[in-house]
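Notebook open, viewer open. I'm jotting down what I looked up, in the order I got to it.

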Amino acid sequence: MDGERRASQALSSGLPEGGAGGESPGDGGPVPGSSCSSALLQAEVLDLDEDEDDLEVFSKDASLMDMNSFSPMMPTSPLSMINQVKFEDEPDLKDLFITVDEPESHVTTVETFITYRIITKTSRGEFDSSEFEVRRRYQDFLWLKGKLEDAHPTLIIPPLPEKFIVKGMVERFNDDFIETRRKALQKFLNRIADHPTLTFNEDFKVFLTAQTWELSSHKKQGPGLLSRMGQTVRAVAWSMRGVKSRPEEFMEMNNFIEMFSQKINLIDKISQRIYKEEREYFDEMKEYGPVHILWSATEEDLVDTLKSVASCVDKCCKATEKRMSGLSEALLPVVHEYVLYSEILMGVMKRRDQIQAELDSKVEALTSKKADTDLLTEEIGKLEDKVECANNALKADWERWKQNMQNDIKSAFTDMAEENIHYYEQGARGSCLTWNSQIPVL
């Protein structure tokens, strides 16, 4: 508990306990002093332990932010998907702009739901127009995410916000919840648009351009229920069977994901608690201003002093509210998005293992000659190609994801630190000086 309490203090102040070293958010490079040793998580940026003496999430010697931990050489086989789409060759100019806005509530006899307007502007030739406007509900976003996972099982698909709000937070159709979800859905679509492979997915294009009835018709063109059930049963079977020998690089990757998930979930918990405490502090403090104004009406000798104190409290309230807004808009969404990303990464690793497990099963069957050897040999060849594509896709997307994670988390905590510095310099400190100047008079 001491470590968690110290973590809360570090986050509340917005400053690292060990100083404010490190690169600026715009550098995009690795954090100075990072290590490329095989012990990936010995000093990572999210190395937070409740029994340790500091919150190492702010450490500038963070190997979690080291983008060189996984740098596999890309194979040159023509069967590799990476030779068809080079992740590093991303376009310099953005040609797809997506905005999610104007949420609308719909009430039917069966359900109540929200739809969002999606405006797409593009200069791509494969689109029939340069601008599209459609309305989508949350279930449509879920459909898109599922289609992307089916088409690209080992690419890291951006996370969607949870379907149901956590108990004890805001109501499902509360304005704040709807706005938070709107922002998350917009980020989801723009992350897909910025991805070098996902951005050209046909289902993504249909999602952005088709009218509601056209999208419904398109959804029905997928595999039937029995086919989907068969795929699910096979996936579960391979998952239960497991893989006999996962490659070392994917073992390291899996260990990284497990540690990352543990640490980012703890940071999310601490951040949410800090915001809750700030909210309680704000709600209590804003009651003091009116109290001092009323008090001044009964104390003729202290009228000016009490009104000055009330003014001071009011300034503190405004400064605190601004800081809370920065916390809720800049830090909390980023941290929670990467909580969801940790779940996505676990799913990606599971799907990669399923593909390999299927290959292992066929090789084992061929070795024991339990089936037609010619047919098995052909199937094994296809599965080997499939495993190669899956592995190469994951390795390339992994590097891209780590770079984005580094930039996002560094930027979020830097912005929070700057907001806290501004709070104490411009708001709280000035108010406290006003307060202190009145103490001798009282």
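Predicted model: local features only at pLDDT ≥ 70, side-chain atom pairs only at ≥ 80, totals over all residues.

**N254 to start.** I clicked on N254 and found it in helix α7 (residues 248–285). Helices here are DSSP runs of H or I with at least four residues, strands are runs of E with at least two, and both are numbered from the N terminus. Is N254 buried or exposed? N254 counts as buried because its relative accessibility is 16%; buried means under 20% relative accessible area, exposed over 50%, and partly exposed in between, with a 1.4 Å probe and protein chains only. Leaving out residues up to four places away in sequence, I get R246 and M349 as what N254 touches, where a contact means heavy atoms within 4.5 Å.

**Ground rules.** Residues are numbered from 1 along each chain as its sequence is written, and side-chain values use heavy atoms, with hydrogens and water left out.

**Whole chain.** I went through the elements and got 10 helices and 3 strands. From the N terminus the order is α-β-β-β-α-α-α-α-α-α-α-α-α. Of the 442 residues, 42% are buried. Taking contacts between residues at least 6 apart in sequence, 75% join residues at least 24 apart. The chain exposes about 23,700 Å², and carbon and sulfur atoms supply 53% of that; the area comes from the Shrake-Rupley method with a 1.4 Å probe.

**Strands.** Next I traced the pairing, which needs at least two DSSP bridges between two strands. β1 and β2 run antiparallel with 10 bridges, and a hairpin of 4 residues joins them. One partner I checked for E104 is T115, in β2. β2 also runs antiparallel to strand β3 (residues 131–137), through 7 bridges, and there T120 stands opposite F132. How many residues of strand β2 (residues 112–122) are buried? I get 9 of the 11, so β2 is largely enclosed by the rest of the structure.

E102 sits in strand β1 (residues 96–107). Its phi is near 45 degrees, a positive value in a residue other than glycine. E102 is partly exposed, at 41% relative accessible area.

**Aromatics.** A search of the whole structure gave me 10 aromatic pairs. Rings of Phe, Tyr and Trp (its six-membered ring) pair if their centres lie within 6.5 Å; planes under 30 degrees apart are stacked, over 60 edge-to-face, and the rest tilted. I looked at Y341 and W401, an edge-to-face pair with 6.0 Å between centres and 65 degrees between planes. Y341 lies in helix α9 (residues 303–368) and W401 in helix α10 (residues 373–438), so this pair ties together parts 60 residues apart in sequence. Both Y341 and W401 are buried. They also belong to one aromatic cluster with F256, F260, Y338 and W398.

**Charges over rings.** For this I need NZ of Lys or CZ of Arg within 6 Å of the ring centre and within 35 degrees of the ring normal. R181 lies over the face of Y138, 4.2 Å from the ring centre. The charged end of R323 sits over the ring of Y423, 4.1 Å from its centre.
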